[in-house]
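The questions below concern a predicted model.

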Amino acid sequence: MRHVVRVIDLFVLLLSSVLMLGGSARAFDGGGSEDPRVGYYSSENGDVGFILDRSHETARLRFDDSKEILLLDMVPGPRGDMFLKDETGITVLRLMPFGGATYYDDEQAVGEAFGRAAGADPLALEIHTQGEIKTRMGAVSKRLDQEFGLDIPLVTHWGEEIVDEATMAILWDAVNNTGNALVDMAHDDDSRNALAQKIVRVSFEVGETKQLRLESQDLVIVYAQNGGLEGRPSSRAIQLFLKNNL
């Protein structure tokens with residue numbers, strides 16, 4: 001295993017050097033932030049990439065093919081490395097001082113090498129209207145029904161507290177992360193059967209802090225009104241909660 005990791009580290013170093021030489025001309029060409037803590041990272045063949053934003057106390061990461069922004073704790077390691085861990089303590093990314101990075105999937109066995117390729121804009125919540133949120137809720141429920149045979153509506157109470165853009169941005173993200181979690185779980189037979197038997201509705205509520213709970217057969221997602229990205233649970237946290245409680 002140590003040999004595999006060493007080979008990966010050497011590969012990341014070479015990849016990073018190539019990307020920095022080839023991409024440095026466009027790294028700060030006016031597209032994206034000039035903050036060195038925010039950058040776009042690309043895989044060797046360029047078919048996978050992500051934005052990493054370390055300009056906050058908690059790092060933010062988003063892949064090209066996903067709308068979810070991951071929040072990661074930054075833990076210093078040996079030789080100037082930085083380990084980025086999710087809220088469950090799992091290492092998602094290893095960032096090296098020369099600009100290379102290693103991404104670890106759920107299995108944690110082998111990492112994939114990335115190198116910084118360009119500058120990028122900081123990551124933040126997107127603004128969405130009430131109509132767009134309702135449409136997204138309907139789309140998640142429809143997909144669960146049509147692809148997996150799960151009748152799980154997503155609902156919320158549109159009270160006076162859900163009127164400002166910041167609150168609706170957090171709610172949109174909570175809905176999106178919940179949809180990702182349920183769809184991922186539905187691909188597994190055992191998890192899909194557990195959802196079918198134990199969950200009949202997903203409700204979104206405003207609260208002081210984010211929270212997940214089960215009330216009878218309702219999955220309740222509580223999001224913090226003024227919490228920003230930290231105010232909504234991640235898809236991984238939702239999946240872990242359901243697997244531990246269903």
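Q: Is Glu 230 buried, partly exposed or exposed?
A: Glu 230 sits in the loop between β12 (218-224) and α5 (235-245). Its relative accessible area is 38%. Buried means under 20% and exposed over 50%, with partly exposed in between, so the 38% of Glu 230 makes this residue partly exposed.

Q: How many residues apart in sequence are the parts that the pair of Phe 50 and Phe 63 ties together?
A: The ring centres of Phe 50 and Phe 63 are 5.3 Å apart and the planes stand at 65 degrees, so the pair is edge-to-face. Phe 50 belongs to strand β2 (residues 49-53) and Phe 63 to strand β3 (residues 59-63), so the parts tied together are separated in sequence by 13 residues.

Q: Which strand holds Phe 114, the partner of Phe 63 in an aromatic pair?
A: Phe 63 and Phe 114 pair edge-to-face, at 6.5 Å centre to centre and 70 degrees between the planes. Phe 63 lies in strand β3, and the pair ties together parts 51 residues apart in sequence, because Phe 114 is in strand β8 (residues 111-119).

Q: Is Phe 114 buried or exposed?
A: Phe 114 is part of one aromatic cluster with Tyr 41, Phe 50, Phe 63 and Tyr 103. The relative accessible area of Phe 114 is 0%, so Phe 114 is buried.

Q: How many residues apart in sequence are the parts tied together by Asp 86 and Arg 236?
A: The two side chains form a salt bridge, 2.6 Å from N to O. Asp 86 counts as buried at 5% relative accessibility, whereas Arg 236 is partly exposed at 28%. Since Asp 86 is in the loop between β5 (82-85) and β6 (91-95) and Arg 236 is in helix α5, the separation in sequence is 150 residues.

Q: Which residues are linked in a network of salt bridges?
A: Asp 81 bridges to Arg 79, with the closest N and O atoms 3.7 Å apart. Asp 81 is buried at 5% relative accessibility, while Arg 79 is exposed at 64%. The network links Arg 79, Asp 81 and Arg 94.

Note on methods: Residues are numbered from 1 along each chain as its sequence is written. This is a predicted model: local features need pLDDT of at least 70, side-chain atom pairs count only at pLDDT 80 or more; totals for chains, interfaces and linings use all residues. Side-chain values use heavy atoms; hydrogens and water are left out. Helices (H or I, at least four residues) and strands (E, at least two) are DSSP runs, numbered from the N terminus. Buried means under 20% relative accessible area, exposed over 50%, partly exposed in between (1.4 Å probe, protein chains only). Rings of Phe, Tyr and Trp (its six-membered ring) pair if their centres lie within 6.5 Å; planes under 30 degrees apart count as stacked, over 60 as edge-to-face and the rest as tilted. A salt bridge is a side-chain nitrogen of Lys or Arg within 4 Å of a carboxyl oxygen of Asp or Glu.
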